[in-house]
Amino acid sequence: MRPKAPACFLGDAVSAESLSADLAGKPAALRYLAERFPRWDPYTALPALLDDEPVSVRFLGMGAARHACETAAARLRRAGIGAHADFASSAEEPPLGAETLVVGVSLGGGQRELCTALDRCAGRAPVIVLTPDVDSVVARYADLLVPLHAGEEKSGLGCRAYQHALALLLLLGHRLGAPTPGSSGNFPGLIRRVANATKVLLTSAPEWLPEAARVLDSPDGLHVVAPATRVCSAWQGMRALRQGPVRKALACETGEWSHSDRYLAAITDCRALLFAGSVYDERFAEHLGQLRGSFVSVGPTPGRERVPGAELTVRYPGDTDPDVSLLTEPLVAELLAAHWWHASGR
């Protein structure tokens, strides 16, 4: 008997068309999230949940959710707050108590692992759960439940859920003492700026997407590269390319690329999608050029409008603001995934 195909291969149920529809719905979903403020604030009950400032924050997630958690934890650490992100699948049980805040993030998948981890935390530490489905099993572990308000996504990739979860984690970080999200210090304003940037990228895609797909097409796959403060963008881009069109993709931090993935580029037809903004952008470009590789850059590099050597540069409104970039730029890789998925005919 032929084994049942996994969800990502079920034809009409999960398809390139459904991914394209999910991505097209990003601006409206973001505007809906922004418009819920100030009437709705997901963290109003946070002071009542915590007797005092937490000594540490433990983030839990799988896949893209964990990558968003890594970014949130890093921001808190930069503000002097103890925070770390764990695989929900880890069997480790660090000390827990009222002074530790546990934050579980689900984008729709990875619930088995997350429920197992939260089961060990329930009753021992306050738990916040971010989820697209308030009726999901994982929601039952929450002392404070935060719906993502990303809407239904039929592709199963959770691209809107990822974007909303990351935004709401930035807001949580601010409430815990990290810098205010957005250069204006206005969270709904930041979300509206991201909605506008996302809409511009979607509208302008017919102008840049075919050329980007041509430059980046390689039998050896695609390197997705981003600066340390936004490395989750590389991981989200890699995930979309692997899970949608099932293409070979690698994620790497910009400075680290020259010390690790560079050696793969020496023996392959290396193509890279670079989310610009690192002080090591030009070194990356130089090393890739020496290996006769090609890359497309997204956004400006420090002190320049574009990264020297890029075959194509994709720009959008607000791409000089790191928070706008963090929440917007994965769309470029997600659109590439949808484009190649359409082209594959699968």
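This is a predicted model: local features need pLDDT of at least 70, side-chain atom pairs count only at pLDDT 80 or more; totals for chains, interfaces and linings use all residues.
The mean pLDDT of the chain is 91, and 94% of the residues reach 70 or more. Residues 1-13 have a pLDDT below 50. In the model, this stretch has nine contacts beyond near neighbours in sequence.

Two helix pairs were examined. The pair formed by helix 2 (residues 26-35) and helix 7 (residues 187-216) has axes that come within 9 Å and cross at roughly 170°. Because angles over 145 degrees count as roughly antiparallel, helix 2 and helix 7 are therefore described as roughly antiparallel to each other. On the side of helix 2, the residues that meet helix 7 are K26, P27, L30, R31, L33, A34 and E35. Their counterparts in helix 7 are P188, I191, R192, V194, A195, T198, K199 and L202. Sorted by class, the contact of helix 2 with helix 7 holds nine nonpolar residues, five charged residues and one polar residue.

The second pair consists of helix 8 (residues 231-243) and helix 13 (residues 330-344), which pack at an angle of about 10° with their axes 8 Å apart. That angle makes helix 8 roughly parallel to helix 13, since angles under 35 degrees are placed in this class. Helix 8 contributes S233, Q236, G237, A240 and L241 to the contact, while helix 13 contributes P330, A333, E334, L336, A337 and W340. Of the residues in the contact of helix 8 with helix 13, seven are nonpolar, three are polar and one is charged.

H223 is located in strand 6 (residues 222-226). H223 has a relative accessibility of 4% and so counts as buried, the cut-off being under 20%. The side chain of H223 is joined to that of W257 by a polar contact of 3.1 Å. When residues up to four places away in sequence are not counted, H223 touches L250, W257, D261, L264, C270, R271, A272 and L273.

R75 belongs to helix 4 (residues 64-78). With a relative accessibility of 17%, R75 also counts as buried. Neighbours within four places in sequence aside, R75 is in contact with L170, A178, D323 and L326.

Further residues were examined for their distance to another part of the chain. P47, in helix 3 (residues 46-49), counts as exposed because its relative accessibility is 59%, and exposed means over 50%. P47 and L176 are 129 residues apart in sequence, and their C-alpha atoms are 9.9 Å apart in space. G318 lies in the loop between strand 10 (312-314) and helix 12 (322-328). A separation of 6.7 Å was computed between the C-alpha atoms of G318 and A197, which are 121 residues apart along the chain. The contacts of G318, leaving aside neighbours within four places in sequence, are with R193, V324 and S325. Apart from neighbours within four places in sequence, Q111 is in contact with S106, S136, V137 and V138.

Most peptide bonds are trans, and most residues other than glycine have a negative phi. The peptide bond from F37 to P38 is cis, with omega near 5°. P38 is placed in the loop between helix 2 and helix 3.

Positive phi values were found at V246 and at R292, neither of which is a glycine. For V246, phi is near 55°. V246 is in the loop between helix 8 and strand 7 (249-253), and its relative accessible area of 43% makes V246 partly exposed. For R292, phi is about 60°. R292 is in the loop between helix 11 (281-290) and strand 9 (294-298), and R292 counts as exposed at 79% relative accessibility.

Note on methods: Residues are numbered from 1 along each chain as its sequence is written. Side-chain values use heavy atoms; hydrogens and water are left out. Axes are lines fitted to C-alpha atoms, for helices over the stretch in contact, and angles run from 0 to 180 degrees between N-to-C directions. Helices (H or I, at least four residues) and strands (E, at least two) are DSSP runs, numbered from the N terminus. Angles under 35 degrees count as roughly parallel, over 145 as roughly antiparallel, 65 to 115 as roughly perpendicular and the rest as oblique. Contact means heavy atoms within 4.5 Å. Ala, Val, Leu, Ile, Met, Phe, Trp, Tyr, Cys and Pro count as nonpolar, Asp, Glu, Lys and Arg as charged, and the others, Gly among them, as polar. pLDDT is the predictor's confidence in each residue, from 0 to 100. Buried means under 20% relative accessible area, exposed over 50%, partly exposed in between (1.4 Å probe, protein chains only). A polar contact is a pair of N or O atoms within 3.5 Å; within protein, one must be able to donate a hydrogen and the other to accept it, and residues adjacent in sequence count only if both atoms are side-chain atoms.
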